[in-house]
Amino acid sequence: MTFTLTSDDIRDGDILPDAQVKALGDTSPQLSWSGAPEGTKSFAVTCYDPDAPTGSGFWHWTVANIPADVTELAAGAGAVGGANLPQGAVQGRTDYGEAGFGGAAPPPGHGPHRYIFTVFAVDTDRLDVTPDNSGAVFGFNLHFHTLAKASITATYENTGG
């Protein structure tokens, strides 16, 4: 069985829709996954831009402690405050400074950026993370507890001046 990630809103290799752009919609996409490996006790989701001119990329979304029986997040699940997430799930602080999804916003003229949405199958019910933790802290915890992961990468370029 293969761990897979699909979305009604974004497609691997395509341009990120306006709904996922900070200035246009700022809404987390619908995500569905299947084929998690045996031993999966929870899931985590991240959205990361490795092309941001920061030296360390840019975290647009981090969510952990999604119960193992959940296999989908609806569009908008990443709203600030977490009210649209499954019970027990926790969003971390993005590089925008708040816990919740933050859409694409590359600098004008910087070229296309990749937005990597990843779902992680996790070997523990709960990662030791809080809404105050950065993407780096979520990533550190995931490094030690990931059984499998699946990703969709979309691009976006701000051509404005």
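In this predicted model, D51 and R114 form a salt bridge in which the closest N and O atoms lie 2.7 Å apart. The two residues come from distant parts of the chain, since D51 sits in the loop between β3 and β4 whereas R114 belongs to strand β7, and 63 residues separate them.

**Salt bridges**

- D51 has a relative accessibility of 21% and counts as partly exposed, and R114, with a relative accessible area of 38%, is likewise partly exposed.
- A search of the whole structure finds two salt bridges, and one of them joins D26 to K22, with 3.4 Å between the closest N and O atoms.
- D26 is partly exposed at a relative accessible area of 28%, while K22 is partly exposed at 29%.

**The sheet and its helix**

- Five strands make up an open sheet in the order β6-β4-β3-β7-β8, and their pairing is antiparallel.
- Because β6 (90–91) and β8 (146–156) stand at the edges with a single partner strand each, one side of each is left without a neighbour in the sheet.
- Helix α1, which spans residues 135–145, packs on the sheet and touches β3 (42–49), β4 (58–67), β6, β7 and β8, its direction making about 50° with that of β4.
- Strand β7, covering residues 113–122, pairs with β8 in the antiparallel sense over ten bridges, and within this pairing I116 stands opposite T153 of β8.

Conventions
Residues numbered from 1 in each chain as written. Predicted model: local features only at pLDDT ≥ 70, side-chain atom pairs only at ≥ 80, totals over all residues. Heavy atoms only, no water. Pairing = 2+ DSSP bridges. Helix = DSSP H or I, 4+ residues; strand = E, 2+ residues; numbered from the N terminus. Contact = heavy atoms within 4.5 Å. Axes fitted to C-alpha atoms, helices over the stretch in contact; angles between N-to-C directions. Salt bridge = Lys/Arg side-chain N within 4 Å of Asp/Glu carboxyl O. Buried < 20%, exposed > 50% of the residue type's maximum accessible area, 1.4 Å probe, protein only.
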